[in-house]
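Work through the following exercises with the sequence and the model side by side, and try each task before you read its solution.

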Amino acid sequence: MGGLALLVDSNLTVQRVIAAMLQRHGFEPLVASDSHRALELARSSKKPLTLAILDRATLQDQWIDLEQKLRADPRHRTLPLVLTATTEVLSERVVTLRKPFDPTSLQRAIQEASQRTKAPPPSQRVPSSVKGSSNRPPLTSVPVVQEASEALSP
């Protein structure tokens with residue numbers, strides 16, 4: 001692990017604690033208190049981000065817009081993203097880290113987020129029993145849960 005990690009949280013104490021945890025795991029944290037500053041940091045960085053940790057309470061519903069803007073940059077298309085929140089967020093694109101959390105939970109969430117970006121989303125995966133079983137094209141599943149942004153778009 002390691003690399004450049006974007007951390008967005010408005011609480012200064014939480015910023016310090018998570019930044020210290022990230023440094024212990026070899027990350028260089030870029031810390032922002034809001035989505036505008038987060039985008040500035042991401043866009044001005046000479047190195048690509050290797051991780052983003054976003055606080056849902058800080059960003060409210062803006063986390064979806066921030067995620068889309070970050071991933072619009074070709075350097076960050078597969079950016080592992082961890083969303084800290086008090087409730088579970090159903091999304092194939094992010095890993096929810098429930099508050100309060102400890103260093104071990106943070107490390108697990110980072111690892112899970114990294115694995116998600118390496119594999120196709122669950123809605124596009126083909127069961128291993130289907131792969132190569134015949135000359136038929138592979139079966140694909142239809143996602144059951146739509147993202148809130150997709151469901152609400154006109």
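**Exercise 1. Compare the span of helix H1 with the expected span, and decide which of its residues face inwards.**

Solution. Begin with the length: helix H1 covers residues 12-24, which makes 13 residues, and the distance from its first C-alpha to its last is 18 Å, close to the 18 Å expected at 1.5 Å a residue. Here the expected span is 1.5 Å times one less than the number of residues, and helices (H or I, at least four residues) and strands (E, at least two) are DSSP runs numbered from the N terminus. This is a predicted model, in which local features need pLDDT of at least 70 and side-chain atom pairs count only at pLDDT 80 or more, while totals for chains, interfaces and linings use all residues. Residues are numbered from 1 along each chain as its sequence is written, and side-chain values use heavy atoms, with hydrogens and water left out.

Next, sort the residues by accessibility, where buried means under 20% relative accessible area, exposed over 50%, and partly exposed in between (1.4 Å probe, protein chains only). In H1, Gln15, Ile18, Ala19, Met21 and Leu22 are buried. Viewed down the axis of H1, the buried residues fall within an arc of 160°, so they line one face of the helix; the arc is that of the directions from the helix axis to the C-beta atoms. On the other side of H1, Thr13, Arg16, Gln23 and Arg24 are exposed.

Finally, look at the two ends. At the start of H1, a side-chain oxygen of Asn11 comes to within 2.9 Å of the backbone nitrogen of Thr13, and after H1 comes Gly26, whose phi is positive, near 85°.

**Exercise 2. Find which residues of the largest nonpolar core touch the most other members.**

Solution. A nonpolar core is a set of buried Ala, Val, Leu, Ile, Met, Phe, Trp, Tyr and Cys residues joined through side-chain atoms within 4.5 Å. The largest one has 22 residues, of which Leu6, Val8, Leu49, Leu54, Trp63, Leu66 and Leu70 touch the most other members. At least two residues of this core come from each of strand S1 (3-8), strand S2 (27-32), H2, S3, helix H4 (62-72) and strand S4 (81-85). Apart from this core lies another, of 16 residues, among them Ala5, Leu7, Leu22 and Phe27.

Now take one member: leaving aside neighbours within four places in sequence, Leu54 is in contact (heavy atoms within 4.5 Å) with residues including Val8, Trp63, Leu66 and Leu83.

**Exercise 3. Describe the salt bridge between Glu28 and Lys47, and then two others.**

Solution. The criterion for a salt bridge is a side-chain nitrogen of Lys or Arg within 4 Å of a carboxyl oxygen of Asp or Glu, and a search of the whole structure finds six.

In the pair of Glu28 and Lys47, the N to O distance is 3.0 Å. Glu28 lies in strand S2 and Lys47 in the loop between H2 and S3, so the pair ties together parts that are 19 residues apart in sequence.

Turn then to Glu40 and Arg37, whose closest N and O atoms are 3.1 Å apart; both residues lie in helix H2, three residues apart, about one turn of the helix.

The last pair is Asp73 with Arg75, at 3.3 Å between the closest N and O atoms. Asp73 is buried, with a relative accessible area of 19%, whereas Arg75 counts as partly exposed at 33%.

Notes. Polar contact = N/O pair within 3.5 Å; in protein donor to acceptor, adjacent residues only side chain to side chain.
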